[in-house]
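Please consult the sequence and the model shown here alongside the text.

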Protein chains: 2
Amino acid sequence: MPSTRSRATDSFPNGFDPAALEKLPGHLRETIQRRTEVLGPGYMLMYKEPVEFVSGHGAHLVDRDGNDYLDAYNNVPCVGHAHPHVVKAVSCQLAAVNTNTRYAQQPLVDYAERLLATFPDELSKLSLACSGSEANDLAMRVARFHTGGEGIIVTRWAYHGITREVSSFSPSLGKGSPLGPNVRLIDPPDPRLVAPGSTLADHMRHQVRGAIDDLERHGYRLAALVTDSAYSSDGIFTDPVGYMTGVVEEVHAAGGVYIADEVQAGFARLGDSMWGFRRQGVLPDIVTLGKPMGNGVPLSGVVFRPEVSDEFGRNVRYFNTFAGSSIPVAAGAAVLDVLEEEDVQQRVLENGKALRAGLEAITQQSPYVAEVRGTGLYYAVEIVQDRESLEPDRTRAEDLINDMRGRRVLISASGKGANVLKIRPPLAFSESDVTRFLETFAEVAEVRL
Amino acid sequence: MPSTRSRATDSFPNGFDPAALEKLPGHLRETIQRRTEVLGPGYMLMYKEPVEFVSGHGAHLVDRDGNDYLDAYNNVPCVGHAHPHVVKAVSCQLAAVNTNTRYAQQPLVDYAERLLATFPDELSKLSLACSGSEANDLAMRVARFHTGGEGIIVTRWAYHGITREVSSFSPSLGKGSPLGPNVRLIDPPDPRLVAPGSTLADHMRHQVRGAIDDLERHGYRLAALVTDSAYSSDGIFTDPVGYMTGVVEEVHAAGGVYIADEVQAGFARLGDSMWGFRRQGVLPDIVTLGKPMGNGVPLSGVVFRPEVSDEFGRNVRYFNTFAGSSIPVAAGAAVLDVLEEEDVQQRVLENGKALRAGLEAITQQSPYVAEVRGTGLYYAVEIVQDRESLEPDRTRAEDLINDMRGRRVLISASGKGANVLKIRPPLAFSESDVTRFLETFAEVAEVRL
């Protein structure tokens, strides 16, 4: 077992160091030893002391010893761990039948109509896939086909997925995973990077224009700009908004399409809208959906303007066996039920505001916190060596995360420096969960911040 | 709605022609109309009159009106539609918790150990993914990384999946989906293509050697030979075996790896072994798994020789959110339970022999049947214009398929000419299912063959 971080773990925030295996308690040590034997070195765990859960409800997870953890990290179980309505819907479908899209399936059509109704009218066609990676892979296949271009623009530390194609435009995977020669990087919308006298909108537009020029100089016409609407792995940049209008104009002028990756930001995560791009007042050509879509049952999707996708559909065979089959569709429909019935978006807004206010109050005096960012139930606390240099402090961030985990509250990190606390609970996060989170965070901050 | 076949449907066997929509009964017509509105032209249906199912059990599916269909086509529900043991295992896990592989999960480790125990000792590392496409995409990423090569060899009408990378080596997707410049095609192991005086082994070896030479002449070193162990979309070629030894020697001599795609052939489909490559007496470097793995819950996997995969794992971050999470693992483990407890492989062998004998008896006098191929529960009946020219007869094949569907038995087609009946039932196919199948097939053959 390697005693130092591997090249792959180096860029992975808050990873368990296999060299520390001997320090772990017996059962956990044994599970991880066996795991390494069968899964190999690519499989990484989180936390200095990894954790195993045997049940969950709402934003809570329970370990083997019956200890309750507050989950402030997992976005996949968006309506809550083991939500009874989703469990029932999927279990009933499992007991009935599971057919694929080569058969007529009224529930699939019902689901597609309901999901598309949450989008602007222009975004009227849905394709389903199994994972966010597959969604972004299909989105880029369609973008390439439609535009005839190959050039791709993403943000500097973006993550969009792990197929060969999508990993080629996911710089946050680190040096072991090379970018394509057709890929250009721009800064995320961080107002601190804007030159005095300029605006964020001009800064972003200028960067995209420059990337397009450089691509064309190398013989690549633009296929697509892809942005995560929350810039999750860049370190979470949700505000201010309004800078996308000019960016999208540049992309269209160059013949490209704008792909909004809503795998992280979508399904009401940002509180004030179901989809992150809506906050920007722009219309994407393609939108990709993933993680929370089936509350954990593998399901992802791509929403298209038909003028972008129909010609691809008429020319290129694409059949995804599991995607759109009865079980994921039952899960997806149950998630929409809960989002509506529990008025989740409103809860996200209210509890998010309280969470943000608490985070700001706790960290405002700390010399090690550059800023608190985010909205809805998605927050970043940027940990730095000092407020002047803004140099990332990965060690302090990881200590904070592990202190929280020691007090049974789960968060993790993001950003190129692995120094941005990522607070991204299930949307089931309640008022009392906010209180418990902030009490624990205040205790940890007392020592570390 | 287009009144002729699109370029995408042209290569798709047994597809529903949207121009025939008006002829369909009311409810079905309405569902398909709505479906086309929301899913677009890329989503294709099977049969002249598509069918919708609301429940299933064993190898049986039941439509809205309560009619029972015999399913002789779907391989995903391998242990049977809505198998109670799988339903219970997945439902229990849904109600408990669903965490991903960044947490310690003993059930994942247990499953990985059980699954790997069905492989030769050398194939000792498992990675999980969501779909066969993702599995083949990862396999090729690892093959490229390990070998430093880019060249890929596949069979002439192979299908391996729908990511950008995998579609570039899936010629059966048709002309709308271009092959990569680094991809070379060889004939499937069809003994009829072997020149007099030669052997199938020499023919296959010679083709692979030629493809390697041509790749190298174009500056591509070999990364991998990928073969579906049942050559499903080529038209199903399972016998004779024994030709792979020399093929794999050539691949290794050129520095490449051999990837056995067991998405179709695996999990006891071929009866005499759990994995199709075992029948050849060779050891793959990488094996990919998919469709039946979770009996419909999205789950796929890649099994590696560690010397091929470990360096990739140490250098390249790969995290697949849904893959290896608790729900698919519960499904995968339940499938292994049933395969063991019901001695499925033995059942496949016995019922498969009866099915094959019946198919041969029914078709042996027909001028329109070139041959019956296959083993286990996977059979091809090749429909031709006559036994001399062996020209494909797509129309007759599709008429047969639709006649069967009219009698409530489901099969479909395969092969470049879309003329090979594909008979691939759930492995739950029973003795009485074989009887019903053959009775129906005999009725249809009476008219068409």
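## The interface between the chains

In this predicted model, 99 residues of chain B are in contact with 99 residues of chain A, where contact means heavy atoms within 4.5 Å. Because 100% of the interface residues of chain B are also interface residues in chain A, the copies meet through the same surface. About 8800 Å² is buried between chain B and chain A, and carbon and sulfur atoms give 57% of this area. Buried area is the accessible area (1.4 Å probe) that two parts lose on being put together, summed over both. Of the area that chain B buries against chain A, 10% is supplied by Tyr103(B), Arg317(B) and Phe322(B), more than by any other three residues.

Between chain B and chain A, 46 residue pairs are in polar contact, with both residues at pLDDT 80 or more. A polar contact is a pair of N or O atoms within 3.5 Å; within protein, one must be able to donate a hydrogen and the other to accept it, and residues adjacent in sequence count only if both atoms are side-chain atoms. Helix α2(B) contributes 9 residues, the largest share of the side of chain B that touches chain A. By class, that side of chain B has 47 nonpolar, 32 polar and 20 charged residues. Here Ala, Val, Leu, Ile, Met, Phe, Trp, Tyr, Cys and Pro count as nonpolar, Asp, Glu, Lys and Arg as charged, and the others, Gly among them, as polar.

## Basis of the description

Residues are numbered from 1 along each chain as its sequence is written, and chains are lettered from A and ligands numbered from 1 in the order in which they are written. Local features need pLDDT of at least 70, side-chain atom pairs count only at pLDDT 80 or more, and totals for chains, interfaces and linings use all residues, while side-chain values use heavy atoms, with hydrogens and water left out.

## Salt bridges

The whole structure holds 66 salt bridges over all chains, each a side-chain nitrogen of Lys or Arg within 4 Å of a carboxyl oxygen of Asp or Glu. Across the interface of chain B and chain A there are 6 salt bridges. Glu113(B) pairs with Arg34(A), the closest N and O atoms being 2.8 Å apart. This pair crosses between chains, from helix α4 (residues 106-116) of chain B to helix α2 (residues 26-39) of chain A. Glu113(A) and Arg34(B) also meet in a salt bridge (2.8 Å, N to O).

Within chain B, Asp399(B) forms a salt bridge with Lys48(B), with the closest N and O atoms 3.1 Å apart. The two residues are 351 residues apart: Asp399(B) is in helix α12 (residues 394-406), and Lys48(B) is in the loop between α2 (26-39) and β1 (53-57). Helices (H or I, at least four residues) and strands (E, at least two) are DSSP runs, numbered from the N terminus. Asp399(B) is buried, with a relative accessible area of 17%; buried means under 20%, exposed over 50%, and partly exposed in between (1.4 Å probe, protein chains only).
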